[in-house]
Amino acid sequence: MIEKADQIFVLLAHWVASFLPVWLQPIVLVLLGVVAIIVTFPALFAITVLMERKGLGRMQNRYGPNRVGPFGLFQPVADGIKSLTKEDIVPLSADAVVHFLAPVLLVVVVFMGYAVLPIGRNMTLVHMDAGLLFFFAIGASSELSVFMAGWSSRNKYSLLGAMRAVAQMISYEVPLLMSSVAVVMMTGSLSLGKIVDAQNQYTYGLPHWYIFTPWGFAGFILFAIAATAETNRSPFDLPEGESELVAGYFTEYSGFKFALFFLGEYVGMMGISGLGTTLFLGGYSAPLQVLGFVPSWLWFIAKVMLSMCVFIWVRGTLPRLRQDQLMNFAWKFVLPLTMLNLLVAGLWRFMGEGWLRWPVCSAILLGAYVLMARTGMSRERFGPRSYRYAE
Amino acid sequence: MSFVFYVLAALSVAGALAAVLLKNTVHCALAVTIAFAGIALLFLQLDAQFAGFAQILIYIGAVAILVVFAILLTRGSETPKGTVYSHFPLVGLLTAAAIFAVLGWAVLSSAPMLPNESAPPTVAVIDIGNALMGRYVLPLEIVALLLTAALIGAVIVAMHEKAGAQ
């Protein structure tokens, strides 16, 4: 029964395929997987948007959407219909072909990343030996779509937003890749399935997730920072800074093309959350051995949605960074720490099984963090805080 | 030579031709990206996953973006009014023909040197990693040194400009 619930989608797909001739079956199985991904994640996107609007409303002492349906639950449907019926405006001086291709490329690229993510046990669409590399290669292509959108609009705000976005994505791609390299070093494989298998073990009922090791914890935090910047989320949402750039690179997009950008951004966030889950949070494995009866795909979705909640929480909490702060943070703080984390991961590997590696590795990382933060802050000059009140 | 190969080859060649023939420089940069993607897909079709993904990651993710940045920062993105073609097509043609001849000769003459394998070799990423860290560690280190030197050089160039402005 537990096994059935875990494998329900796999069994369902095979059941559907069994009605078809044998030569057609592999193709149909792949197509079913693609359809499942294209249906599931936009549905989660709708839930996330509602959650974000409600959650941000709660954090900002306002109601959030509450008109459409009970508690405003049908707000995503209303938003979807609205964006579908809106006029699609293309600026007269815009480069029409590139302007059209940019959102399409973004959505295609973002969905392709899901092909290698192990969403549940036996639920990976494509088993790739170099799955992690595939995800990053595909993610790098989304920068091009951002640039295409910004350049083809022939709008100074769009172009500035695109330049900011691309500069930021390139800068944070380095720590993003380097923080995942530590996981690859420990697992000895670029295959995401093998990375999950390595974490899907239990000692005394507790999981072997990489986040529960010193290097894994540091790696996860660095990965999360880089992922937030990579997806242009607050506090790194300078490319969309509405006080300076209207809406950044998609200023000139309206109607369904805007909706595609919106979708691409959120599905991309879920994709990178899925990757973080796979690398550090044990993928589809249960957090405790006794909870193993819950289907594996449910754990994956739950972890991804939890990451989305953290994204929303961070957005509601932190103010936007300045451009120089953003770059200094990437190159002078995050990157050195990821490099150190690589060394610590190597140390962890070669110190053997004893308990000694725990204090040593933790002390190195913690010491480096405190030292770098202190020296970095000592250069900043903060005067006493001054308050001005309305008369 | 399968059907997929011909589609991908046509895509790469079309992208490369568009990169040369289009007028707008940004369009050229985007067209060259299509050619890069076609070559990456050709690698993937040959089951060379690592080479294919590295091609996408480096050429599309970094080189194409760098080209585009360079075009935008040097104000070359406006479409030129007059012709963009060279005034000396013969020189270009000769150079291209010479390079093509050398490459073609190298490819054709290297074919008999290769071991004649009946089955396609299965190379996992881990083998490539082992080779890079074992047999080819010296070239790897030299490349790393070169890139570090280039990085430091870039930083120094940028710093010098800033000091002069103040």
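**Two chains, questions and answers**

Modeller: Read from the N terminus, the elements of chain B follow the order α-α-α-α-α-α, and please keep in mind that this is a predicted model.

Biologist: How many helices and strands does chain B have, and what share of its residues is buried?

Modeller: Chain B has six helices and zero strands. A residue counts as buried if 20 or more other C-beta atoms lie within 10 Å of its own, and among the 166 residues of chain B the buried share is 17%.

Biologist: What is the radius of gyration of chain A, and what would a compact globule have?

Modeller: Chain A, with 14 helices and two strands, has C-alpha atoms that fill a box of roughly 65 × 60 × 40 Å along the principal axes. Because chain A has 391 residues, a compact globule would have a radius near 21 Å, and this agrees with the value for chain A, which is 22 Å.

Biologist: Are α3(A) and α11(A) roughly parallel or roughly perpendicular to each other?

Modeller: Helix α3 of chain A, residues 25–59, packs against helix α11 of chain A, residues 255–280, with the axes 10 Å apart and at an angle of about 100°. Angles of 65 to 115 degrees count as roughly perpendicular, and therefore α3(A) and α11(A) are roughly perpendicular.

Biologist: Which residues in α11(A) does α3(A) meet?

Modeller: By class, this contact between α3(A) and α11(A) has nine nonpolar, one polar and no charged residues. From α3(A), A:Phe41, A:Pro42, A:Leu44, A:Phe45, A:Thr48 and A:Val49 take part, and they meet A:Leu263, A:Tyr266, A:Val267 and A:Met270.

Terms used. Residues are numbered from 1 along each chain as its sequence is written. Chains are lettered from A and ligands numbered from 1 in the order in which they are written. This is a predicted model: local features need pLDDT of at least 70, side-chain atom pairs count only at pLDDT 80 or more; totals for chains, interfaces and linings use all residues. Axes are lines fitted to C-alpha atoms, for helices over the stretch in contact, and angles run from 0 to 180 degrees between N-to-C directions. Helices (H or I, at least four residues) and strands (E, at least two) are DSSP runs, numbered from the N terminus. Angles under 35 degrees count as roughly parallel, over 145 as roughly antiparallel, 65 to 115 as roughly perpendicular and the rest as oblique. Two residues are in contact if their C-beta atoms, placed from the backbone, lie within 7 Å. Ala, Val, Leu, Ile, Met, Phe, Trp, Tyr, Cys and Pro count as nonpolar, Asp, Glu, Lys and Arg as charged, and the others, Gly among them, as polar. The radius of gyration is taken over C-alpha atoms; the globule rule is 2.2 Å times the number of residues to the power 0.38. A residue is buried if 20 or more other C-beta atoms lie within 10 Å of its own, exposed if 12 or fewer, and partly exposed in between; C-beta atoms are placed from the backbone.
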